[in-house]
Every structure is written in structure tokens, then in C-alpha cells.
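Please open the model in your viewer and keep the selection tool at hand. The stops below go from a whole chain to single residues.

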Amino acid sequence: MELINGYPEYMRDMIHTVEKTRQDRIKKALKMMTLDEREAVLTHHHPDYNPATKRTVKAGVNKGDKMPHEVADLLEARSLISPDEIDLSKIDYDVDLLIIGGGGAGIVAALWANQEGVPADNILIATKLRLGDSNSMMAQGGIQAADKPNDSITRHYLDVMGGGHFENKPDLVEALVSDAPLIIKWHEDLGVMYDKEKDGTMVTIHGGGTSRKRMHSAKDYTGMEIIRVLRDEMRNKKIPILEFAPAVELIKDDKGQVAGAVLFNMETDQYYVVRAKATIITTGGFGRLHIQNFPTTNHYGATADGLVMAYRAGANLRDMDSVQYHPTGAIFPEQIVGLLITEKVRGLGAQPLNIDGELFVNPLEPRDVESAAFIRECYERNKGVETHTGLKGVWLDTPLIDIIHGKGTIEKKLSAMYRMYARFGIDMTKDPILVYPTLHYQNGGIEINADGTTKLPGLFVAGEASGGVHGKNRLMGNSVLDYNVFGRRAGIAVAKHVKKASVGKLTLEHVKDYEKTLDNEGVKTDRESPMIIPDYREKSVLSRMIDVWR
Amino acid sequence: MSSKTQESKMDKSEKKIRTIRVYVMGKSYDIPEGFTIMKAIEHAGYRYIRGAGCRAGFCGACATVYRKRDDYKLYTALACQTTAEEGMYLVQLPFVPANKKFYDLNLIKPTGTVMTSHYPEIARCVSCNTCAKACPQDLEVMDIIQASLRGDIEKAAQLSFDCLQCGLCTIRCPAEIAHYHVAQLDRRLYGKYILPRSKHLAETVKEVESGKYEKEMKKLTTMKLEELKTLYKNRDIETGD
């Protein structure tokens, strides 16, 4: 296909239409929708509101709850291990604290547990890829914190509750917003390079659904910058790390406590038994399940492993019917379909436009509303732009950013975005980009309390794996905040917990019990979970696979 | 919803696409044109354990070295952000055994010698610029090392900000410098000691800790839902640039 500065000729013609309406649009602002208008567009166009995408879970604590088929498939599945083949009498790692998942929440939890008195040698982080490999690393736009004179943590509270459709757990939201300034300060002390004015004032902008400009950023590498610093600090503290060693089941003890996990060394195929007085699940979300076949912004490892293990052990999930689709995933070129175009692009003034170059929705509605409006524009009003592979999207008029804020703004403040498009021949300072909603975030998860504890003694959860903080829809900049706030709180709570805790006899009976429950509920399946990593091999290869090593 | 339609259309169009020949660690595979290197390797039948991470250009897990047919040069790329081309000989870095120094940031200061005392090997830089040529982010890596050597921490921090720590510079360096660890120390020193501290942040932390918002927060968390919704609807939105 012949491309002219990254776009085929027919799209070039469409870009002219966008250019023609640009001058008139610059000052134009569309009103935010009323709560009723929001409800209407969500009901008709948001994928979550389509009942065919979900089913009732047949077994376990949340029996009877509606969840996406892809999640139900993992819950209604057999264990990867046969409990009787695991020798629990030989302990490979005997620690105070096991952290499962080496992303943001895991690293923060490790640092704070250590800070609060758990010696580094008594901590183990087991992670399925490398330390830091996570969605936390990929967060672009920023982290919310109410720390400006015109703002307050109570305003932040109101925004979070409204964004989550008032279904968030109030005490979790209170914790989230109250700790936010403290977290930014902690980062500052650790040397995170936040965007600041010359006098140290934080550069902050709006995100969708915020009433004050409280999005702090580090260019559009915010997540990477924070993770780089936290990971460096963790290495300095010499906290032991086991990479490419995911947990495959939790271990309990005869007192009903969670007491460690069975790890799997992906490179040698052997298992390890970890005994721990406390276990924190920080395994992140489920983007790589590709709910409803959506492409995703998520990390390779985002397969909801922690959710599955915790559920088998008896923890309860909440808000699992709610999936976040980020309004702006790339839809062209083909190589980057589904990848995140940070909300900061809209925060800085880029407008979403239809094929006629018309602004059809306020650029900063909450994410679910914005996404639903894009889907409506493409498939009900039929005003989307079709790519050569048959995908539909809307324009995001990025050149507006430099027009509003001055030449060079995009290259400076959105260097990751600029670089990504430049790699594929598109100059986003000159041409608009094409976007469509992409699977972004697991709004729900394992229910936690404000200190990261769960209903299972010995089990703590933090970050995207947890549920209750964001209700039915998370606002931008609250996930980076979430993993910091609740990672810290879980770390602190664990430090107290391990002083008194003692572990009894280890057991995997709960795994057998859960499989019996599946049988009793009539779930007939040979599916196995957790998934650990997705499989993108070509079908023709899979159909000719043989396993000669067994 | 249309996601199903989108997928099936995608499948159909892929079938029409021409193929190219790439070599994964020397073995040849025919791959549809237009895939990233990462998707091409998966299409060939590999299921990544190492070598894949964020798949979006933010983590450096997929650092790739390749050569083109009839070309002696070694090129570098991120597999997830680079289109596979005819005749590429591909291999990925599973791990980079680089030297990282351990330090307590509270006990060091951004002095002229802090960088050379932690990483004396930066003095071995021969200014060959191989590091910069290897950088998939197109950073001026050699300048970062030279700035560190001079004790210009601010410059090193700013030049290195977009570093993904993939390690391609380090694996190519004849002086065996771990550029990305050096730059990490630069940035943390800069962020902690040189970048001005935020006054409004420090004040807010004090206010929150003093319990200034406790009463109002209690009211909000225990408020009737309808009342909370009204507050939300009527809240004013900050405007202006």
C-alpha cells in the first residue's frame, strides 16, 4: 500500500476535511453530558452494557454473579497442578512476606514492608516476567493528587465517586485521595523527575472527569519514570527477586490462612514451595484476556492470574462485570492497533472528530462515556473513518496541541507518542491520528479493605488486582495512584501482621475442594488456569505441535 | 457491538497480504508483510517467555539485534515498535548482565565526583558513539556519559529521560559501561537534589496530616447517595489553560 507521510491517499483526502474545520473548532467547547445523557449512551453503546458479553459464574464465592465470558472461563477451570504431586514438606523459600507480581504495587509493597521493619531477606518477590514488567510501566499520562491551593482531597473524592458511578467503596476512595499528596512527596524524595515550573510548582492538567487540574506527569513516560526509580530503590535495598517464576496456586495452612504459594520456574519447568506469614497479590489485571476480542493496551503478562488463585482459595471478587475501555487506542497503522494514546493528548487540547471533521463529544468525559460516544459515532451514526483493514475509528486532532500551547509542545510533553508515530512515518504534530476504544483496565478485582487486607487471613491485595477502589469506572491517573497508595498500605499492614502471625501445616486441599465444587455445579471442562502468558502463535503452527519431552 | 466484525475483517484482509522472509536466529520463516518484528516471531511459532514485555515501546524487554541480507552492519530495534522487513536476521537479548552500584540516595549528593566514584568505568569511554548508534530511542547516549564524567548531572538527567533501560548500549560498548544504570543515578540525583521542590505539595501534605479535611471527609463518606450525587453534579470545573 502506497503511503504519503504515513497515510494512504484516501485518508489524506479525509485529513483535508479535518484541516478545513480546524480554525473554527479551536475555541469550541462542547458541554459535558448530563448524567441522563451519559446513562443513555452507555446503555446503548458501551460494551459492558451488552448482556450477551457476560454469563453467570457457576461456582465459588461469587456464584451467581455476572462476569465477562473470558473471566468466567478462567474461574470455571481446573488447576495447572495436581495438588498430590506437590511436596509441601520441602520448603524452598521460607519468608515473612511473599509478594506475587513485580509491577508497581508489588515493588511499593516490598519497599514499605521493608521500611516498616520486615528485613529484606525475609521478603521474596516472585514475578512472571522481569521486575517492573507491568502496566505500571506503561502508564503515560500521569498520577492524580489534590495538592494545589484551589483543590482539596475532598474534591478529589467527589470526582472519583462520580467517575465510578458511586459504586466505589467509600473508605477505599478516602484512602486513595487522602494519601495522594503524601505519595507524590515520597516520589519527590526518591528523585522522581515530575514536570515542574521553574519554582517547583507542579505542572498539572485535567483528565477525563476531573474538576481540577491535578494530573501530575513526567512527560508521557510517567509510569516508566516512577517504576524506574522505585525499582532502582528496591535493588538498592537488596530485596530478593525471583523473575520468570509466576505463582500458579496459593498455599493455605490448616488454620485457613493463606501461607505462601507454589511457584513455577518457566525456564526449567520445576516448582518451588514458598512458605510465608503474609502473601500479597499484586498481579495486575486482565487486559490480555482480550475481552470481546478487543485489542488491548495491556502488558504481555496481564492475564488475571492472581484473581484465579485467590478465588480458588476463597477470596471474593467485586465489580467484575465492569471493564474499562480506553477511548483512545491506536487504530492505524496496523502495527500499533490497540496501543494506548494517552488521555493527556486530549488533556492538552486534541479533539475527537468524525469523518466530517466535526467535534461530536466533549474530549474529557469519563472514560466509559467517551468510549461509548466513539462507538456510537462509528457504528450508529456511521461517521467513523474506515482503515484499509476494515477497522473503524475517529480522528484525534493532535496538531491542535501545538497550535494552542506553542510549537514543540508535542515533542516535549508527548515524546513517547511522537516517537511511536514517527516510527511508522506519521508526524502527529502535522496530521491527526486515528483512534478507537481499546481494552485498558480491570475496574474490579479481589475485594480489599483500606489496609490491603482481604477476607482471607494472611492474604493482602494491592493495585489493579484489587476491587472496590474505582467502582464501575476508573478515572485517568488514579491507577498509578492506586498501586502506590494500596501497595504502601499493604506493606505497612503486613509489617504489623507478621510480628504476630504463625503458619500451621501447609495444604493445597482448597484446590481439590474447588475442583469438587466445579463438579458438583455441573461445570464440565478441561480448561486450565491461570493462563500465565497469552498464546499468539499462528494456528497453523499450533495444529502441528507435538510434545516429545514428556 | 462491532468488535467481532472488526476481528473477522482483520483476518480476511491479512490473507491477501504478501509475505516476506525473515530469519529467527538463523532459521527462515515466511511472514505476512506489515507485522512488527515481535508479531512476526510469534507468527513463526514462538511463544515468548523472555523478549516480550509491554509490547508498546515502554519497557525495553524486546531489545533486538539484526542484520540485513548482504549487509555487514548490526542494527538494533525494539521488536514491538519496528516493522519486520524482508531478509532480516533477528535475535533478541534475553538478559543484560550489567553492573549496577548500590547506594543510599540520602547519603550521597550531586557533587562533581559522585558519578565517577560510583561508576569509575565511565572514564574508559573512548567516544566511539556506538552506544548512541545502538539506542532504539535515538538518545545521545555518549553525551550522557560525557556529561556524567564532567559531573553535569542536570544535563545527563535530561538527555537520558526517555531511556527504556533495554541495555543495547551496554551490550555494544567497548568500554563496558552500563550506561542505563549510570543515567539512572544521574536522574535520581537530579530529581531529588537539583529539581526545585514543590512548596504547595509540602504544604498540602502537612494540611492532610494535621487532619484539616477529616470532618469534611467524614461528611462525604457517610452522606446519603442522592445528596452526594447532587454535590457531584453541581461541582464547578476548573477552566482556562
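This tour of a predicted model starts with chain B as a whole and then visits individual residues.

Select chain B and colour it by secondary structure: 11 helices and five strands are present. Of the 241 residues, 40% count as buried. Among contacts in chain B with a separation of 6 or more, 60% are between residues 24 or more positions apart.

**B:Arg55.** Stay in chain B and go to the loop between helix H2 (37–43) and strand E3 (63–68), where B:Arg55 is found. B:Arg55 is not a glycine, yet its phi is positive, near 60 degrees. Is B:Arg55 buried or exposed? B:Arg55 is buried because 28 other C-beta atoms lie within 10 Å, and the cut-off for buried is 20 or more.

**A:Phe244.** Move to chain A and select the loop between strand E9 (241–242) and strand E10 (247–253), which holds A:Phe244. This non-glycine residue also has a positive phi, about 50 degrees. A:Phe244 has 19 other C-beta atoms within 10 Å, so it counts as partly exposed.

**Cis peptide bonds in chain A.** Select A:Phe332 and A:Pro333; the peptide bond from one to the other is cis, with omega near -5 degrees. A:Pro333 sits in the loop between strand E14 (323–330) and helix H10 (344–347). Next, select A:Ser529 and A:Pro530, which are joined by a cis peptide bond with omega about 0 degrees. The loop holding A:Pro530 runs between strand E23 (528–529) and helix H17 (539–542).

Note on methods. Residues are numbered from 1 along each chain as its sequence is written. Chains are lettered from A and ligands numbered from 1 in the order in which they are written. This is a predicted model: local features need pLDDT of at least 70, side-chain atom pairs count only at pLDDT 80 or more; totals for chains, interfaces and linings use all residues. Helices (H or I, at least four residues) and strands (E, at least two) are DSSP runs, numbered from the N terminus. A residue is buried if 20 or more other C-beta atoms lie within 10 Å of its own, exposed if 12 or fewer, and partly exposed in between; C-beta atoms are placed from the backbone. Two residues are in contact if their C-beta atoms, placed from the backbone, lie within 7 Å.
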